Amino acid sequence: MTKTMLQTNVRPSRQDCQRLRAIAKCAKNANGRALKDVFELGAKFEEAAELLRGTFSSWVRQECELDPRTALGFRKAHMVLAEHQEMLLERNVSPSVVVLIAEAEAEARDQALASIASGRSLTAREARRVLRGTVPDQPKTTASALKRVARSGADRLMSEIEALERAVLSPECPDEDRSKLASEAERLRPIASYLFGEDGDVGSPVVKLTRWADGDFATMSDVVEEDEAKHQAKNDDADVTRLSNSVARPAPKLDCLLHPYTHDLTALELFSGAGGMAAGLAQAGFRHAALVEHLPHACETLRAAFGSEHVVETDVRSYTPDRAELGPIDLLSGGPPCQPFSISGERGGASDKRDMFPEFLRLVDHVKPRSILIENVEGLFHAPFDYDRFQIQARLKRMGYTTEWRRVSATHFGVAQNRIRSILVGFRDKDAMARFVWPTAIVPHYVSEPLTVYDVLRDFFHAKGWDPSKEDLAGMAVPAPTLTGGSDKKCGADLGQQHAREVWEKMGFIGTRIGRELPKEDHEGPVEITNSMCAKLQGFSPQWPFAGGHVAVYKQIANAFPPPVARHLGCAIASALTGTTVDPRTYSISQAMRPLNSLRNRSRRNTASVEAMQVQLPARQPRPTRRLDLRSLQAASEMIDDDDELVWVS
């Protein structure tokens with residue numbers, strides 16, 4: 001656990017990773033309420049600390065779901081009090097007292113152990129007193145009592161000042177009473193200065209009392225207006241300075257990127273690809289200062305969707321932005337290449353030259369955003385990569401970020417695809433991390449009954465008249481497997497490796513190629529899935545402007561992060577950063593209302609054009625009044641029995 005051990009960066013073996021998982025399972029199963037559990041867990045945590053070499057705190061918080069300080073107390077109990085274990089168990093000492101004794105200085109610890117050995121039963125409060133070496137003889141004045149007295153005095157003072165102000169501003173106050181008001185203001189002014197301080201604006205109690213004590217009994221409205229004008233001018237100058245220092249960011253080019261939120265948070269995205277994560281974050285209200293990507297076709301897609309002003313076509317390894325030009329960044333997001341951590345690849349992890357996590361962390365240290373969002377494959381949670389995950393958290397912790405890893409399933413957010421991703425969220429402000437709440441399924445039954453392939457692709461199948469058979473419907477009544485685009489070296493486009501293609505074929509699709517046309521009315525046999533179908537399965541808007549050839553577009557789609565998942569994560573991060581609720585459902589409602597609002601605007605324009613043409617419409621004729629005989633209605637109702645069935649004829 002020294003710096004020398006950290007610098008060696010020796011990876012745990014597979015057996016060590018399996019041992020860590022066993023310790024984490026044991027820690028979750030043990031309740032820690034029995035003293036025996038404290039010593040057993042302390043020994044196991046000490047073993048884990050030796051294996052992890054500096055990432056113990058992150059591992060305990062993430063894998064064992066324990067506060068690292070609690071685990072450290074268990075370790076100290078094992079290391080310091082192991083030889084006294086039998087005596088402590090025999091005396092039935094509570095675990096909290098044992099941890100307190102283990103964390104104490106040697107002299108105080110020996111005194112507490114001697115007290116327990118003599119037969120004394122120590123509570124946690126008594127143990128703290130013994131360890132401090134002092135027992136208070138008399139109670140001290142509590143801070144809460146002082147706060148109550150101070151609050152009561154301040155309330156009484158403010159009541160007197162408000163009464164004085166009413167008398168000063170009263171138009172019926174005679175001039176001979178002004179001297180009495182000035183004397184009262186002079187009496188209250190020292191007390192207010194002591195409580196509120198000498199400085200303040202024109203509306204502060206001290207400034208008011210000072211003016212009244214000097215005989216200035218004006219209504220102060222002119223003074224207040226002058227002060228507000230000064231503050232407004234200062235705020236205007238600040239706004240001009242802020243706007244001049246910030247980067248001009250154009251409005252989104254696509255309707256699907258328009259959002260109803262007003263928080264105006266900024267984002268910088270690395271490894272942007274086709275813009276799946278960027279689309280979701282834009283829908284959550286984030287404005288992108290830059291989108292960094294090195295693939296030419298993906299950059300064309302980003303320019304068509306977001307505009308070319310802030311699309312940076314370069315390798316992340318050579319990208320070091322000017323912070324003054326970039327402006328303050330609230331969120332740094334991205335999905336580093338997943339091949340090093342994919343279970344279907346070489347599993348090289350951090351030793352793979354394609355691992356871009358070091359570059360992402362380099363830019364975190366350079367840009368210093370308020371929050372972080374990283375996406376990668378689920379394989380990062382497998383045992384061989386536990387150490388890599390802990391190391392990432394340890395480096396971010398040294399940079400001042402509090403982070404948390406979690407698996408997130410796309411099916412919970414309306415994506416008809418079994419796409420589970422490893423997500424890391426981090427904040428520089430610990431209060432923001434405490435406010436952050438991981439998003440949950442938008443519809444509760446999506447957890448057990450997610451959307452199926454047929455639910456999402458129904459319109460594509462029927463577009464040219466194809467009617468799927470019962471066998472086809474049964475095969476498509478499940479979510480799709482994970483779409484995989486492969487590495488940049490892959491030349492073709494298919495639905496993944498052999499086991500993935502077999503799943504697609506069972507669903508009724510051709511797994512060896514990506515089609516170009518939708519099934520026609522006379523279609524028979526398996527269906528060729530098209531790029532537009534894949535984009536729909538990923539959650540992209542139908543208007544998303546993918547650029548490039550057939551294979552290039554498929555790779556962009558398959559390697560993307562589903563926008564609906566990014567939108568919900570973005571709303572959760574925005575809620576934590578702003579301290580207000582940013583509800584992702586608001587975006588869905590605004591998009592659903594957009595056609596209706598467009599229709600209303602068109603109706604208003606048509607009405608205005610008709611009025612401009614001064615078209616005289618014929619007067620509306622009143623409808624003739626029809627009278628019904630009440631006796632006839634009553635007689636008809638009596639003819640119907642209660643058990644008769646009424647049949648309405650339209």
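**Notebook: aromatic rings and their neighbours**

I began with arginine 389, which lies over the face of phenylalanine 381 at 4.4 Å from the ring centre; a charge sits over a ring if NZ of Lys or CZ of Arg is within 6 Å of the ring centre and within 35 degrees of the ring normal. I then looked up arginine 75, whose charged end sits over the ring of phenylalanine 56, 4.9 Å from its centre.

I noted that this is a predicted model, where local features need pLDDT of at least 70, side-chain atom pairs count only at pLDDT 80 or more, and totals for chains, interfaces and linings use all residues. Residues are numbered from 1 along each chain as its sequence is written, and side-chain values use heavy atoms, with hydrogens and water left out.

Next I turned to ring pairs, and found 15 aromatic pairs in the structure. Rings of Phe, Tyr and Trp (its six-membered ring) pair if their centres lie within 6.5 Å, and planes under 30 degrees apart count as stacked, over 60 as edge-to-face and the rest as tilted. The pair of phenylalanine 427 and phenylalanine 436 is tilted, because the planes stand at 50 degrees, with the ring centres 5.6 Å apart. I checked burial too (buried is under 20% relative accessible area, exposed over 50%, partly exposed in between, with a 1.4 Å probe and protein chains only): phenylalanine 427 is buried at 0%, and phenylalanine 436 is buried at 8%.

Phenylalanine 540 and phenylalanine 546 form an edge-to-face pair, 5.1 Å centre to centre with 75 degrees between the planes. Here phenylalanine 540 is buried at 5%, whereas phenylalanine 546 is partly exposed at 22%.

Last, I recorded one aromatic cluster formed by Tyr454, Phe461, Trp466, Trp504 and Phe509.
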